[in-house]
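This report describes how one protein chain is packed and linked together. Please study the sequence and the structure shown below before reading on.

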Amino acid sequence: MPDLEIIVMVGVPCSGKSAWANKHWDYYNVVNNDRFARLFGVNYDARLFPYLRVMEGAYIRASIVGQGRSVIADSTNVTRRSRERYISLAEELGVRCIAVYKEVLLGEVLEWNSARERNKRLPEQVIRNMFQRLEIPSVDEGFQRVIISSTLRSRCAGLLSCESY
C-alpha cells in the first residue's frame with residue numbers, strides 16, 4: 001500500500017480545512033468527527049469523543065485496507081499530540097502521512113466565522129484559544145511532508161510545498 005496516504009488537516013476552526021478536503025473528495029475518503037456524530041443524529045458532544053475516535057480509526061483502516069483509498073483526516077489537529085495517532089496509524093498500515101497546514105490570520109478567521117450562519121458560528125474565545133494552542137506541524141513529528149496552504153501569499157514565496165488560495 002505504498003501509494004496510499006493519510007492526509008492530516010491542521011488548522012484552527014474556520015480556516016478552510018473542510019473546503020480543502022472537499023476539493024479532494026473524489027480521490028480521498030474524508031473522515032470528520034462532526035460527520036460521524038450526524039450519522040447518529042446527534043450534535044458533536046465532547047462526551048462522544050472517545051467513541052468517535054474509535055470509529056475514526058476503524059474508518060481509516062477500512063478505507064486503506066478494504067477499499068485501497070487514501071484518507072483525509074479533517075479535524076483541527078492543532079497540537080502535536082492530537083496528530084500522533086495518525087502518524088502511528090500510517091506507520092502501522094505502511095502508508096505515507098502528510099500534514100496540510102491551513103495558515104491564516106486570526107482576523108481572517110474571525111471575519112469568516114461571523115459570516116457563517118448564526119447556528120454554525122463558534123464563540124470567538126474558542127477560536128482565540130485554538131490559535132494559542134496551535135503547534136505548526138513539522139516533518140520532525142513523523143510526517144513525510146508538510147504542505148502549507150496559506151492565505152499569506154508572501155509566505156508561499158520560494159516554498160516548494162506551499163500552495164496559496
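## Nonpolar cores

In the largest nonpolar core, which has 32 residues, I6, I60, I64 and C97 touch the most other members. A nonpolar core is here a set of buried Ala, Val, Leu, Ile, Met, Phe, Trp, Tyr and Cys residues joined through side-chain atoms within 4.5 Å. Buried means under 20% relative accessible area, exposed means over 50%, and partly exposed lies in between (1.4 Å probe, protein chains only). At least two residues of this core come from each of β1, α3, β3, α4, β4, α5 (106-115), α6 (124-133) and β5. Helix α4 gives the most, with five residues. Helices (H or I, at least four residues) and strands (E, at least two) are DSSP runs, numbered from the N terminus.

Leaving out residues up to four places away in sequence, I6 touches I60, I64, V71, Y86, L89, A90, V95, R96, C97 and I98; contact means heavy atoms within 4.5 Å. A second, separate core has ten residues, including I7, A21, V30 and V100. In soluble globular proteins, nonpolar side chains tend to be buried together.

## Basis of the description

The model is predicted: local features need pLDDT of at least 70, side-chain atom pairs count only at pLDDT 80 or more, and totals for chains, interfaces and linings use all residues. Residues are numbered from 1 along each chain as its sequence is written, and side-chain values use heavy atoms, with hydrogens and water left out.

## Helix α3

Helix α3 comprises 19 residues (49-67), which should span 27 Å at 1.5 Å a residue; its end C-alpha atoms are 25 Å apart, which agrees. The expected span is 1.5 Å times one less than the number of residues. The buried residues of α3 are L52, R53, E56, G57, I60, S63 and I64. Because these residues cover an arc of only 140° around the axis, they lie on the same side of α3; the arc is that of the directions from the helix axis to the C-beta atoms.

On the other side of α3, the residues Y51, V54, V65, G66 and Q67 are exposed. The buried residues are covered by parts that include β1 (5-10), β2 (28-31), α2 (33-39), β3 (70-73) and α4 (80-93). After α3 comes G68, which has a positive phi near 70°.

## Salt bridges

The count comes to six salt bridges, each defined as a side-chain nitrogen of Lys or Arg within 4 Å of a carboxyl oxygen of Asp or Glu. One of them joins the side chains of R96 and E5 (2.9 Å, N to O). Since R96 lies in strand β4 (residues 96-103) and E5 in strand β1, the pair ties together parts 91 residues apart in sequence. R96 is partly exposed, at 31% relative accessible area, whereas E5 is buried, at 8%.

Within α3, E56 and R53 lie three residues apart, about one turn of the helix, and their side chains meet in a salt bridge (2.8 Å, N to O). Both E56 and R53 are buried. Another salt bridge joins E92 to R61, with the closest N and O atoms 3.1 Å apart. This pair links distant parts of the chain, with E92 in helix α4 and R61 in helix α3, 31 residues apart.

## Strand β5

Five of the six residues of strand β5 (residues 145-150) are buried, so the strand is largely enclosed by the rest of the structure. Strands β4 and β5 run parallel and are joined by six bridges; strands pair if DSSP finds at least two bridges between them. The bridge partner of A99 in β5 is V146.
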